[in-house]
Amino acid sequence: MKNVLITGASRGIGAETARLFAKSGCHVYLNYNRSEEAAFALYEELQVYSVELVRADVSKPEQVREMFSAVRGIDILVNNAGMAQTKLFTDITDEDWQKMLAVNLSSAFYCCRAALPYMIRQHFGRIINISSMWGQVGGSCEVHYSAAKAGIIGLTKALAMEEGLSGITVNCIAPGVIRTDMTANLSDSDFAALKDETPTNTIGTPFDIARTILFLADEASSFITGQVIGVNGGFVV
């Protein structure tokens, strides 16, 4: 049974990914920070499977260290925790910038650093990082978000080069417009406009991303590493 740790697992993409891994027979660690009610609801839903809750603010290195000391060796790491914010560049504060980088980029670095020793020893590991299409092309009024998500892409590519001989693959998914809590601020007219701009004329779901994560985590995907997989309906090509 493979051990899977999913950061930001309480809602959206993280929760849907947890469901798929649990149903596939993995032992799933559900990481959460502030969304306690949602995390416990998911835990109750998945009780028939092998799941555990682990609370940690993954933007804090000391909490990541504590979390990894409390779990068994992680075979599959899904760095999903993230946040978004829409602001004019000239309105972004030092605090906004630091928080965005900490939650969206530093958290992945801390978790990869903690997971790798075990993966290297067993000569197997799967790391899947969640970026964004805005990390590929940039998003207006989301400069700090785009920069952090672009950093995830750079981290993925470089780490894949370094860990290939250790039997570890590192890949990145760049979602397009997905209906989650992070897009809850968008109006129906916003979604309609984005749908019109998407070649498939659809809006993505967390399940679309979760299925891709499950595919990249499979042992049969060992020849895929250092890749950025766009799951965006053709919005960015």
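Strands are DSSP runs of E at least two long, helices are runs of H or I of at least four residues, both numbered from the N terminus, and two strands pair if DSSP finds at least two bridges between them. This is a predicted model, where local features need pLDDT of at least 70 and side-chain atom pairs count only at pLDDT 80 or more, while totals for chains, interfaces and linings use all residues. Residues are numbered from 1 along each chain as its sequence is written, and side-chain values use heavy atoms, with hydrogens and water left out.

- Five bridges join strand 2 (residues 27–32) to strand 3 in the parallel sense, and Y32 has R55 in strand 3 as its bridge partner.

**The helices**
- Helix 4 (residues 94–122) has 29 residues and spans 41 Å from first C-alpha to last, close to the expected 42 Å (1.5 Å times one less than its number of residues).
- Helix 4 also has a kink of about 40° centred on S106; the bend at a residue is the angle between axes fitted to the seven residues ending there and the seven starting there.

- On a 1 Å grid over the protein atoms alone, a cavity is a set of points where a 1.4 Å probe fits but cannot get out, a pocket is an open set with protein on both sides within 12 Å along at least five of seven lines, and lining residues have an atom within 4 Å of a point.
- Grid points are joined across faces, edges and corners, and a volume is the space filled by probe spheres set on the points.
- The largest pocket holds about 1400 Å³, and of its 50 lining residues, G82, M83, A84, T180 and M182 are the closest to its centre.
- Helix 4 supplies the largest share of that pocket's lining, four residues.
- There is one cavity of 30 Å³ or more, and the largest cavity has about 50 Å³ of space.
- Residues lining the largest cavity include T7, N104 and K149, and helix 4 gives the most, three residues.
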